[in-house]
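Here is a short tour of one protein chain. Keep the sequence and the 3D view side by side as you read.

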Amino acid sequence: MSGYDSSDEDDDVVLLVCVMDSVIRKIRRQSRIPKHVSAFSGHEKMCELITGHEGLMLEHIRMNRDCFHRLVTLFTVQNRLQETHTLTVQEQLMMFLTMVAHGDSNRRTSYEWKHSGETVSRYMDTISSHLVQLASRFIVPPDFNDVSTVIAENRRFYPYFQGCVGAIDGTHIPCVVDADVAAAYRNRKGFTSQNVMAVVDFEMKFTYLVAGWEGSCHDARVLNVATSNPAFMFPHAPEGKYYLVDAGYKNKPGFLAPFRGQNYHLHDRSREDGDRRKEMFNYRHASLRNVIERIFGVWKSRFRILRGIPRYPLEKQRNIVIALRGFL
């Protein structure tokens with residue numbers, strides 16, 4: 001036999017495999033299909049929305065053209081966003097607004113706007129953080145000296161509620177958390193959420209909001225901490241003024257709850273038992289306080305991401321909620 005042994009044969013096999021691997025890689029590079037092949041780039045999509053029908057822009061970003069341009073100017077003048085070689089400030093903001101308006105995932109937004117998932121996630125984080133910092137520009141505490149026209153011009157409410165400056169309630173925003181803290185964030189309905197407490201006026205505007213509390217936390221506890229801790233900067237009502245709260249809160253100075261043990265809603269008033277005067281008060285209390293239920297409904301319908309925020313870090317999920325409180 002010749003001097004050709006098994007080690008030489010192994011070397012030949014390894015060489016053949018390396019050659020074949022190199023050929024396959026070259027073929028793949030030559031036949032690679034681009035991931036983003038749509039006829040419209042993200043910039044062209046933005047231009048189409050800005051120059052197109054006003055209703056199309058409202059549908060996509062829940063904001064009219066004038067409001068959007070003012071937002072762009074604010075971020076540009078304050079140097080909060082800078083134009084890059086691939087993204088204008090307008091496109092950065094529009095990509096963010098589209099994502100929160102429709103609740104799109106990072107992957108879908110990446111496909112729609114023709115940018116990497118890392119780019120989408122980075123601007124989602126950056127813009128929501130800046131909007132949290134700009135909260136005082138969008139959220140104004142109630143004017144304690146004026147009586148709302150909703151009360152002053154309605155005989156059912158005036159003069160009985162002339163000292164009322166707003167309504168308070170909590171709502172749950174679904175969130176995604178790690179397994180080790182899931183129990184704390186699981187609410188009484190069985191899903192994990194963050195408890196969000198809001199104060200609204202009767203013109204359907206937020207005047208205060210605190211987010212990030214565990215879903216298992218009671219609404220009354222959130223209010224107690226917010227009002228007792230100066231760091232939360234709660235807008236306390238002066239003497240003679242008050243907020244409307246539901247029966248889950250304590251009735252005390254500055255906060256007016258309904259009578260307990262009495263009918264509260266309209267369909268309950270046909271019952272024979274109960275004090276009619278207290279029932280009438282409760283019914284009008286419920287009618288006026290209903291503004292906060294309506295604003296929660298509008299808020300969640302306008303920004304569908306609030307119905308299920310993607311798997312972001314908890315701090316980022318909280319920032320998204322706070323960032324969107326000023327766009328009503």
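The chain exposes about 18500 Å², and carbon and sulfur atoms supply 53% of that area. Accessible areas come from the Shrake-Rupley method with a 1.4 Å probe; for residues, only the protein chains shown count as cover.

This is a predicted model: local features need pLDDT of at least 70, side-chain atom pairs count only at pLDDT 80 or more, and totals for chains, interfaces and linings use all residues. Residues are numbered from 1 along each chain as its sequence is written, and side-chain values use heavy atoms, leaving out hydrogens and water.

**Overall build**

The chain has 13 helices and 5 strands. Helices (H or I, at least four residues) and strands (E, at least two) are DSSP runs, numbered from the N terminus. Of the 328 residues, 42% count as buried. Buried means under 20% relative accessible area, exposed over 50%, and partly exposed in between (1.4 Å probe, protein chains only).

**The sheet**

The 5 strands form an open sheet in the order S3-S2-S1-S4-S5, with mixed pairing. S3 and S5 stand at the edges with a single partner strand each, so one side of each has no neighbour in the sheet. Two strands pair if DSSP finds at least two bridges between them. S1 and S4 pair in the parallel sense over 3 bridges. Within S4, Tyr242 stands opposite Cys164.

**A covered helix**

How many residues of helix H13 are buried? The count is 7 of 10, and H13 is mostly covered. Among the buried ones are Asn319, Ile320 and Ala323. These elements are included in what covers the buried residues of H13:

| Element | Residues |
|---|---|
| Helix H7 | 117-133 |
| Strand S1 | 164-174 |
| Strand S2 | 193-200 |
| Strand S3 | 206-214 |
| Helix H12 | 276-302 |

Ser128 lies in helix H7. Ser128 is buried because its relative accessible area is 0%. Not counting residues up to four places away in sequence, Ser128 touches Phe96, Asn319, Ile320 and Ala323. Contact means heavy atoms within 4.5 Å.

Leu15, Val19 and Val23 make a nonpolar surface patch of about 270 Å². An α-helix has 3.6 residues a turn, so residues three or four places apart point the same way.

Notes: Patch = residues over 30% accessible without salt bridge, like charges linked within 9 Å, V, L, I, M, F, W, Y side chains within 5 Å. Salt bridge = Lys/Arg side-chain N within 4 Å of Asp/Glu carboxyl O.
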